[in-house]
Amino acid sequence: VSQQLTGTLALAVFTAALGSLQMGYSLGVINAPQKVKRTIVIERHYARSLGVYNEELARRGGGNATEHEEPTDASVVMYWSLSVAIFAIGGMVSSFLVSFVSDFRGRIKGMLYINVLAVTAGLLMGLSKLGTPYLMVIAGCAIMGLYCGLSSGLVPLYIGEISPVKYRGAMGALHQLAIVIGILISQVIGLDFLLGNDDMWHVLLGLSGAPAILQSLLLLVCPESPRFLYIKQGKVEEACKSLKRLKGDYDTSKDIAEMQAEKEKGMKEAQMSILRLLRSSVYRQQLFVALMMHLSQQFSGINAIFYYSTSIFQSAGVGQPVYATVGVGVINIIFTLVSVILVDRAGRRTLTIVGLGGMCCCAVAMTVGLAFQDIYSWMSYLSMAAIFLFFEIGPGPIPWLIVAEIFSQGPRPAAIALAGCCNWTCNFIIGMVFAGAVFIVFAVLLFGFTVFIYLRVPETKGKTFEEIAAVFHRKRGAPPSKPQEEAEMVQLKSSTEA
């Protein structure tokens, strides 16, 4: 019965995933592909605010933005680049605070409090047309970046802690599914005949704070994480009530025993801050695996190629590259849904190896296809197929899911904070360093990441948090902690069958 799916559990996961949806929408709007019309429109408003609009207007032949226009004034380029960069910087900074926010008042209140940032950012960007656009959009992007950095840690943390072991992979994958849905929504309503035009661009940006309002209302009826209540706050009765709300009316003694064993183990260790986690030899292997998983996600080139996707589709001979990018978003959702189904069947490790290995092959195919398409016309079809597959078969939600699984309750928030910072930092580096889609570089990196995961990352499918920790204990040569036996002994102390 403890593995049963309930309405309350579904509501709690859906509510948490709204934060991921908002993050995906913000990523899609702010980090829009190059040469998309809406970015040209926003840049023109920047030019007007900076006093260089007339010069830009003359150069562009009447001010009618097209998909092929690019800004020519250095100040416009600088401020738009700052708008994009400061979003990633905000995520980098706030990801360090995930541990503090999640433990200060709990996972639910943490997600509720940070929604103030999202609403504030949405208002700043939504009202930017009435004020100084470049200043208000930059401020909004910075604040939204702070929100997304916190949300990217809190959402998988909460979902991982409330999910039954049997469904933990699928529910954890919903974090990534919500992100890709958010990106697709931003791409669709950002088309020039909807909101990506001169009259409605500020509404497009302002809507990035809308999901926070719905999430705030739903969070009020969602139960707190039982693991937080029991292990962090010692509230046994409240933890039992939360377990029954999430999993139905069942005997909670087994879950309580497992949490008690984890709590006792955590009490033998010092409080795990980010700095202490970095210095700890006990968790060094887990931390190395977690960081490498996030490095593989970003340095796979997925975000770099998304940013230059419009140019890539143009090079491949696509007449309407913007719609091709939207098509990628649709297929991305389909493949993410497939990963939700497979992650608890095929396993995290297997899917990651297949995904990264497949991306490596696609990167090679893209390099060959784009290099020889002028000589062999059929090569453009090869590069197109490789581009679509590249977006669909990557590691997706697994890096976020793995981090929540391989650490016990004590170091988990700090580990998620470090992994999140690693992810956002790599995102920033990719956006700043790669001035184009260097496929062969990504192919080499992907090959290295695939080999690493094959050699060093254990399978976590169907294992409790304590069983996963025991795997790493054995890997570093320490005697196993026997978490199941400890949990059983705690359970027997209160059992009439003892």
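Q: Let's start with F452: buried or exposed?
A: F452 is buried, because its relative accessibility is 12%, and buried means under 20%. Keep in mind that this is a predicted model.

Q: And what kind of aromatic pair do F288 and F452 form?
A: They make an edge-to-face pair, with 5.3 Å centre to centre and 85° between the planes.

Q: Where do those two sit along the chain?
A: F288 belongs to helix α15 and F452 to helix α23 (residues 439–456), so the pair ties together parts that are 164 residues apart in sequence.

Q: How does F288 count in terms of accessibility?
A: F288 has 39% relative accessibility, so it counts as partly exposed.

Q: How many aromatic pairs does the structure hold?
A: Six. Another one of them is Y283 with F407: the ring centres are 6.2 Å apart and the planes lie at 40°, so that pair is tilted.

Q: Why does the Y283 and F407 pair tie together parts that are apart in sequence?
A: Because Y283 lies in the loop between α14 (274–279) and α15, while F407 lies in the loop between α21 (398–406) and α22 (412–433); those parts are 124 residues apart in sequence. Both Y283 and F407 are buried.

Q: Which residues form an aromatic cluster?
A: Y46, Y79 and Y134 form one together.

Q: Switching topic: where is S300?
A: You'll find S300 in the loop between α15 (284–298) and α16 (302–307). S300 counts as buried because its relative accessibility is 1%.

Q: What is S300 in contact with?
A: Leaving aside neighbours within four places in sequence, S300 is in contact with L295, M359, F390, F442 and L446.

Q: OK, helix α12 next. What span should its twelve residues have?
A: Helix α12 covers residues 236–247, and at 1.5 Å a residue it should span 16 Å. The C-alpha atoms at its ends are 16 Å apart, which agrees.

Q: Which residues of α12 are buried?
A: Those are A239, S242, L243, L246 and K247. They cover an arc of only 105° around the axis, so they sit on the same side of α12.

Q: What's on the other side?
A: E237 and K241 are there, and they are exposed.

Q: Which helices do the buried residues of α12 pack against?
A: They pack against α1 (7–30), α7 (133–162), α11 (226–232) and α13 (253–267).

Q: And what follows α12?
A: G248 does, with a positive phi near 100°.

Q: Zooming out, how many helices and strands are there?
A: The protein chain has 25 helices and zero strands. Of its 498 residues, 58% are buried. Looking at contacts between residues at least 6 apart in sequence, 80% join residues at least 24 apart.

Q: How much accessible surface does the chain have?
A: About 20100 Å², and 65% of that belongs to carbon and sulfur atoms.

Q: Last topic, confidence. What's the average pLDDT?
A: The chain averages 80, and 85% of the residues score at least 70.

Key: Residues numbered from 1 in each chain as written. Predicted model: local features only at pLDDT ≥ 70, side-chain atom pairs only at ≥ 80, totals over all residues. Heavy atoms only, no water. pLDDT = per-residue confidence, 0-100. Helix = DSSP H or I, 4+ residues; strand = E, 2+ residues; numbered from the N terminus. Buried < 20%, exposed > 50% of the residue type's maximum accessible area, 1.4 Å probe, protein only. Contact = heavy atoms within 4.5 Å. Expected span 1.5 Å × (residues − 1). Arc of directions from axis to C-beta. Areas by Shrake-Rupley, 256 points an atom, 1.4 Å probe, with all protein chains shown as cover. Phe/Tyr/Trp six-rings, centres within 6.5 Å; stacked < 30°, edge-to-face > 60°.
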